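Have a look at the model first, then read on.

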Amino acid sequence: MVPVLLIGIPLLAGLIGFSLKDASARGWSLFASLLTLIVSLVGISMPRDSKLLSFSTDWIISLNSHFAVALDGTGQILSLLTALAFPIIFISTWKEDYKRAKNFYGLMLLSQAGLLGVFLATDALLFYFFWELALIPVYFLASQWGGERRIAATFKFFIYTFLGSLMMLIGIIYIYFHTKDHSFALSSFYGAHLLIQADTQAWLFWFIFLAFAIKMPIFPFHTWQPDTYEQSPTAVTMVLSGLMVKMGVFGLIRWLAPVLPMGTYMWGDTVSTLSIIGMIYAYLIAMQQDDLKRLVAYSSIAHIGLMCVAIFATTEPGIQGVMIQMFNHGINIIGLWIVVFLIEKQFGTRKISELGGLASKAPVLTMLLVIITLANIALPLTNGFIGEFLMFTGIYSSRATTYNVVFTVTAAITVILSAVYMLNMVQRVFYGSTNALTAKAVDIRPGEKMILAFIVILILIVGVYPEPLFRLTQDAVNTLLSKMYIKP
Amino acid sequence: MNSIITSAVLGVIMMFSGIFLKKNSSIAALATGGAILLLAMAVLDLSGYHFFPVDTHNMLDFELFGQLGNCIAIAMTLAYFLLNGRDIAAIGNNPGEYFALIFFVLCGIAIATSFNSLLMLFLGIEIISIPLYILTGSDKRNLKSNEASLKYFLMGAFSTGIMLLGIAFLYGASDKGSFFLEDIASVKAVGTPMMMTGLILLTVSMSFKVSAAPFHFWTPDVYDGAPTVVTSFMATIVKAGTFIAFIRLFANAFGDMKSHWQIFIAIIAATTLFIGNITAVFQQSVKRMLAYSSIAQVGFMLLALLTLNTLASEGIILYTAVYGIASIGLFGILVKMKDFSFDGFKGLARHEPVLAFTAAIFLLSLAGIPLTGGFLAKYYMIASVIQTGSWLWLVIFALLCATVSVYYYFRVIQAMYFKEGLSQNLEISPGFKMMLILLALIVILLGIFPQLLISRLYITYI
């Protein structure tokens, strides 16, 4: 029942939201998202074998598809992240006045429902349904409330992801016809690889991977990302970068690697190489960026790239690191977006070159930002360190690839280099001398302070005591590794 | 048999309705009542209540698939009357006649969806075509309408000739000279030149009737020139009925010799998808765009003709229904618009939220986005091809084309929602809006529970 509530609450609340008045929609959506958060927390604190955590009923009988959802495995940590992120997003953009606000908040809640559906579905057709449903509201949100070039940018994004999804659909249908019982159930899909030849898996892999690669995004499928992040309203950018990119990583862990293990092993080196090229490329471009939003966007490509390499390394610490890092990356990047949002609101610009010396005027903002930045570049004591350390351990000790040392070294260098542009950004925006624009700067308000402080506290807690998150993800790690024939 | 006789009688009644009824709205109401009666008769027929025990000497075969296709066509006509009834009556001076012609077309569809002999197929297709030639030219004072009618008639007559020639060849190829489908299906010497010639000629003429490329050249001009209400009828109901006939022809007569003709259908499907989608991208008028999109959608439907398996027959039922409903809705909105260009839709979301919202749902359905019936319809099509294990290139090609289709469908959505425009003071009645909402709900309902429709293929009464 819990997963049904998790999808149902935002879905219903979103539909109700469309009929509310503009003024009350904000409070309503915050209430609904907090309710979802409570349900999610109750869900993950329940015993693993509780019957309340899964639900299944017939859906399209002639296709043998079920409405099957379950709060288990990788879905737990990502549904927790989704449930946690939306209240943060709503509170941090509370002061923003949207035209036709009820539609904005209604669509936001619908996108949350879609995201939760993706993370909870255990039926491939249902998964595909939600995969697309998460996209549609975000498309409307970004095209309606975004920046100047929003229509072209988000349309590019839509076409890209839609093409990827359709290719994935071919893959899903192909596997469906090769399951023993012609079923879309996750368990049937996990058995299908025994009936699919290795050379078939080799091409089938790309059909499904394309959808995930575009979503993550992996080089060279990333070109939609910076434009879309830049043009979307900040709240939507948070959803896109904090949550939607995780759909790709999640899909890889749950719907691709265990379903087509041979295909995954075959292409591991290729994808890892692409990811590392992407990381270097993102670094080179991020160095040149003058726009804060684009800078954060490129830093995200680098982080996701590392997760992708760690998944293809298929080792226990590596996967464990990915799980933790998915959560951390979501929290950290939303924190960064909040700071960008605050700066843009106060000064009306995102240009790094036009800012400077904020530290003296806004000490609290500066302190909080520095911690979030440090977490983003994975300094010890922050959450980012835990995740990245585990991933590097995993990649280094991998036996799935013969290039493990090369991958580790190059990835590590780019991660160190990413510190350069992040710290450079902090220095140029917050330190140095003030200019005409920033001379009258004021520090952030208590509400904004609280939400950023909350993120910083989360960063530090996970950084010091990650044990609860490990316990949450251990099952998922074991499942993946056993399906990949690493563990019994 | 119920619907054949009822629709013919209704056609005659409508012809004389002008004598008794003076107001357009009352004629439209009479036609709507007639459509309800016709639908009831067709559904009763489907459920096993036959009121007219006529011995057709096996010329007609009322099996569930064709019957259901017929019911869908009639149900769509009813929706079409409810949505645009007054607009049909307002085409010209003789409102009753337009409805009469539409009922005659329905009679043709009823025959074409139940033929068991090639002669009946010919008869059905002709009964569909001839009233359409008149309807296309029904806007008498409009030169474009006249041109479209003449063009359609000349091309249509030509394709009819080809069809007759094809039927004659098949007659000759059958073992003892027969028009019956089962006799053609049981021919011993399969794939003889005579039989293949007949088959190809029939394929060409049927492709012409459903506007599959490269026999589609009449479609954009005719759809564009005909009054918009008539275009709506041609692009949806007629197309659905003709396509069911196309499927039945191949399933019943040529089902066992797939290897001889599949490659032709695959090429026609790929060409249709390519030409329909690519040309639609460059259109400046929404009406012409919808004309090309209807060609593109036929490309998808042809995938069912290629495979002819269970998924295909289930899928084509769903496809014709959701494609038809979505297109009727869109054309219905288009009829009310004053400006058919993409710019004419600017700002519609602000001024007419209901129209814009329902139009968005119809467009999403045509593009095949989940939660709308269009997605599952496309799903059935590609699944039926993947099930065969071959023709994977065609599936990939079809989906690439589907991605292209997003471009032109979303242009309308972008104009409606993301661009500002002036109010056009459209005359929209509350009933029209209610009907649009109902159609949008049906599209979504079929997108979540397709078995509501598909299960009817397997339910037999009595």
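B:I448 is partly exposed, because 16 other C-beta atoms lie within 10 Å; a residue is buried if 20 or more other C-beta atoms (placed from the backbone) lie within 10 Å of its own, exposed if 12 or fewer, and partly exposed in between. B:I448 belongs to helix α18 (residues 430-448) of chain B; helices (H or I, at least four residues) and strands (E, at least two) are DSSP runs, numbered from the N terminus. From B:I448 to B:F375 it is 73 residues in sequence but 9.8 Å in space, C-alpha to C-alpha.

Keep in mind that this is a predicted model, where local features need pLDDT of at least 70 and side-chain atom pairs count only at pLDDT 80 or more, while totals for chains, interfaces and linings use all residues. Residues are numbered from 1 along each chain as its sequence is written, and chains are lettered from A and ligands numbered from 1 in the order in which they are written.

**Where the chains touch**

- Chain B puts 21 residues into its contact with chain A, and chain A puts in 21 residues as well; two residues are in contact if their C-beta atoms, placed from the backbone, lie within 7 Å.
- On the chain B side, α16 (373-388), α17 (392-418) and α19 (451-454) each supply at least two residues.
- The largest share of that side, ten residues, comes from α17(B).
- Sorted by class, the chain B side has 16 nonpolar, four polar and one charged residues; Ala, Val, Leu, Ile, Met, Phe, Trp, Tyr, Cys and Pro count as nonpolar, Asp, Glu, Lys and Arg as charged, and the others, Gly among them, as polar.

**A helix pair in chain A**

- Helix α13 (residues 316-347) of chain A packs against helix α19 (residues 467-483) of chain A at an angle of about 130 degrees, with the axes 9 Å apart; axes are lines fitted to C-alpha atoms, for helices over the stretch in contact, and angles run from 0 to 180 degrees between N-to-C directions.
- α13(A) and α19(A) are therefore oblique to each other; angles under 35 degrees count as roughly parallel, over 145 as roughly antiparallel, 65 to 115 as roughly perpendicular and the rest as oblique.
- From α13(A), the contact uses A:E316, A:I319, A:Q320, A:M323, A:I324 and A:F327.
- α19(A) answers with A:L469, A:F470, A:T473, A:A476, A:V477, A:L480 and A:L481.
- That contact has ten nonpolar, two polar and one charged residues.

**Helices in chain B and what covers them**

- Helix α2 (residues 24-46) of chain B has 23 residues and reaches 33 Å from its first C-alpha to its last, close to the 33 Å expected; the expected span of a helix is 1.5 Å times one less than its number of residues.
- Among the buried residues of α2(B) are B:I27, B:G34, B:L38, B:M41 and B:D45.
- Their cover includes α1 (2-20), α3 (64-89) and α4 (95-112) of chain B.
- After α2(B) comes B:G48, with a positive phi near 105 degrees.
- Helix α6 (residues 143-173) of chain B has 31 residues and spans 45 Å, close to the 45 Å expected at 1.5 Å a residue.
- Buried positions in α6(B) include B:Y152, B:M163, B:I167, B:F169 and B:L170.
- The buried residues of α6(B) pack against α5 (118-136), α7 (181-185), α8 (193-209) and α9 (218-225) of chain B.
- In α9(B), the buried residues are B:T219, B:P220, B:V222, B:Y223 and B:G225, which pack against α5, α6, α10 and α12 (286-307) of chain B.

- B:S211 sits in the loop between α8 and α9 of chain B, with a positive phi near 55 degrees despite not being glycine.
- B:S211 is buried, because 25 other C-beta atoms lie within 10 Å.
- That loop also holds B:P214, and the peptide bond from B:A213 to B:P214 is cis, with omega near 0 degrees.
- In chain A, the bond from A:F219 to A:P220 is cis too, with omega near 5 degrees, and A:P220 lies in the loop between α8 (198-215) and α9 (224-231).
- A:N64, in the loop between β1 (54-60) and β2 (65-70) of chain A, has a positive phi near 60 degrees.
- B:M257 is in the loop between α10 (228-253) and α11 (258-281) of chain B and touches B:V190 and B:G191, not counting residues up to four places away in sequence.
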